[in-house]
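Here is a friendly walk through one structure, from its aromatic rings to its strands and its pocket. Have the viewer open as you read.

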Amino acid sequence: MSKAAELVKGAKQWASHYGQYANGTEGAVLTVPLRFRGAWESNDADAVADVFTENGSMLAGDNQLKGREEIRAYLREAFAGPYQGARLVDEPLEIKMLTDDVALAVTQGGIVRDGAGELAPEDEVRTTWVVARRDGDWHLMSHQSSPLKG
C-alpha cells in the first residue's frame, strides 16, 4: 500500500470516531479524546500528559492524579506494565457546551488489553471529559471513567 493510500485509510478510520460530532465546535471538542486515544495507542505517556492542561486531573483506578507530571509518571509505569500494548476504544455519546470555552464530553468504551481482539465486558467504561479552550486549542482539564459493570 502506498503512503498516500495508507494516510487516506487512516483518516477515514479516525473520521468514523467522530460519530454525529464531525463538524463545528463539538467536533473540535472531540479532538481531545481522539488525541488522548492516539497517544495511548502509541503507549506515549508524554503525549497523553500533554493533552491535559498544566493543572489537569485524571482518575485512574483509585488514584487521583493531579497535574501533567503526576499523570506522566503514572502512565510511564502503566505503559511499561499492565497497559503495555493496550489500546482504547471509545465512542462519543454526548457533548455539552458549558460555556463558549468549556465543554463536557461523555464517551463509552474501554481498554482493550494487549493480545485481546475486542473489549472485554468487565473493561467497559463510561468516561467524562471536561475540556477547555486555551489559546485557541482544546485541552483536557479532567478525565474520569467509571466501570459499566460492578
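## Aromatic cluster

In this predicted model, ring pairs join Phe36, Trp40, Phe52, Phe79, Tyr83 and Trp129 into a cluster. The structure has five aromatic pairs. One of them is edge-to-face: tryptophan 40 and phenylalanine 79 sit 5.0 Å apart, centre to centre, with 85 degrees between the planes. That pair links distant parts of the chain, as tryptophan 40 belongs to helix α2 and phenylalanine 79 to helix α4, 39 residues apart. Both tryptophan 40 and phenylalanine 79 are buried.

Tryptophan 40 also pairs with tyrosine 83, this time in a tilted arrangement, at 5.2 Å centre to centre and 50 degrees between the planes. Tyrosine 83 lies in the loop between α4 and β3 and tryptophan 40 in helix α2, so this pair ties together parts that are 43 residues apart in sequence. Both tryptophan 40 and tyrosine 83 are buried.

## Strands around β6

Strand β6 pairs with β5 in the antiparallel sense, over ten bridges, and arginine 126 stands opposite serine 146 in β6. In the hairpin of β5 and β6, two residues lie between the strands, and aspartate 135 takes a positive phi near 55 degrees.

With β1, β6 pairs in the parallel sense over four bridges. Here serine 57 faces serine 142 in β6.

## The largest pocket

How much space lies in the largest pocket? About 480 Å³. Its lining counts 27 residues, with Gly61, Tyr83, Ile111, Val125 and Ser145 nearest the centre. Elements that give two or more residues to this lining include α2, α4, β1, β5 and β6. By class, the lining has 14 nonpolar, seven polar and six charged residues.

Technical notes
Residues numbered from 1 in each chain as written. Predicted model: local features only at pLDDT ≥ 70, side-chain atom pairs only at ≥ 80, totals over all residues. Heavy atoms only, no water. 1 Å grid on protein atoms, 1.4 Å probe; cavity = no way out; pocket = protein on both sides within 12 Å on 5 of 7 lines; lining within 4 Å. Points joined across faces, edges and corners; volume = space filled by probe spheres on them. Nonpolar A, V, L, I, M, F, W, Y, C, P; charged D, E, K, R; others polar. Pairing = 2+ DSSP bridges. Phe/Tyr/Trp six-rings, centres within 6.5 Å; stacked < 30°, edge-to-face > 60°. Buried < 20%, exposed > 50% of the residue type's maximum accessible area, 1.4 Å probe, protein only.
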